[in-house]
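The stops below are meant to be selected in turn.

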Amino acid sequence: MSALNPYFGGKNAMSPWIYSYIPKNIKNYCEVFSGSFAIYFNENFTHCDKIVYNDANKWQSNFISCCKDYNKMLYELEKSFKPGGFLYCDKTEVSDIKKYYRDLYTDTKNPEKCDYYDNINFDIPNYEKGVIYAFMITSAFNGCHARGAGFSGFSKTNKLKISTLINKLNKQEYHNKLDKVSNIEILDFEELISKYDSKDTYFYLDPPYRYTDGVGTHDADYGSKNIFGDSSHERLSKILQKCESRWSLSYYWFKELEEWFPKDKYIWVSKEFNRSSASFSNSKKGVELLI
């Protein structure tokens, strides 16, 4: 099983390795920066009483909330392809169809033509916004944020990639996973950890990475209007140092990590992996840290 949607930095390939370090005597499991929720979707958490999804990106959390009611989301997706729907296209030639959806993608992410990414005044679940986001995230190159990514919305067989999401939402294995998600949050990591911190909780954290491999620090977009910069990395470290819960933290190495999480007090493991083609480095391989 893989995550419902593509997401830059997702952990699909590494989920068995990460999961192997998560204890099984936990009652609550929470991915603090959930994104595509890859570890949860790929691995077995049937022993947990509570599964918590959190992402400060309201569009992403809304998407998961919509998918949780998979029958309604499937209905809304099907309706969107009919006349008057967001994804309706009356073209017949493959080249014309591709151009239509490319233009739809480009116009939707353009703030001069559409306020989709700038209007956060909506309640969750919002299925209209959920359908639009499903199209945008499955059409964005490598699962990156659409505003910074080119269009890559068709498979090699000329099918819209959103069809993969629709296929997943029709499968019982995904229904079982979605049914078990007990809480969907849109909180800053500090508020989220404070809310669920307990001896029965395990946090997996995959924050926006700080890139220090010769190209400077990369401040990733964190929930549209918030920037996850150096101060956020340090704030996160201080919270985890006081945490009652057990946790694991994914990172690339940078020198402050050894100050915040000394190797004589915390367990460090590492694994070499292939970087995404949209990585902020020219290197094809990187070393993933799990602290």
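The model is predicted: local features need pLDDT of at least 70 and side-chain atom pairs pLDDT 80 or more, whereas totals for chains, interfaces and linings use all residues. Residues are numbered from 1 along each chain as its sequence is written, and side-chain values use heavy atoms, without hydrogens and water.

**The sheet.** Select the seven strands of the open sheet, ordered β3-β2-β1-β4-β7-β9-β8 with mixed pairing. Strands are DSSP runs of E of at least two residues, helices runs of H or I of at least four, both numbered from the N terminus; two strands pair if DSSP finds at least two bridges between them. At the edges, β3 (183-185) and β8 (269-274) each pair on one side only. The twist averages 15° from one strand to the next.

**The helix on the sheet.** Next, select α9 (residues 189-196), which packs on the sheet and touches β1 (28-31), β2 (50-54), β3 and β4 (201-205). Contact means heavy atoms within 4.5 Å. The direction of α9 makes about 160° with that of β4; axes are lines fitted to C-alpha atoms, for helices over the stretch in contact, and angles run from 0 to 180 degrees between N-to-C directions.

**β7 and β9.** Strands β7 (residues 246-251) and β9 (residues 285-290) pair in the antiparallel sense over two bridges. Y251 stands opposite L289 in β9.

**An aromatic pair.** The whole structure holds 26 aromatic pairs, counted for rings of Phe, Tyr and Trp (its six-membered ring) with centres within 6.5 Å; planes under 30 degrees apart are stacked, over 60 edge-to-face and the rest tilted. Select W59 and Y117: their ring centres are 6.0 Å apart and their planes at 55°, so the pair is tilted. W59 lies in helix α3 (residues 58-68) and Y117 in the loop between α5 (94-109) and α6 (127-139), 58 residues apart.
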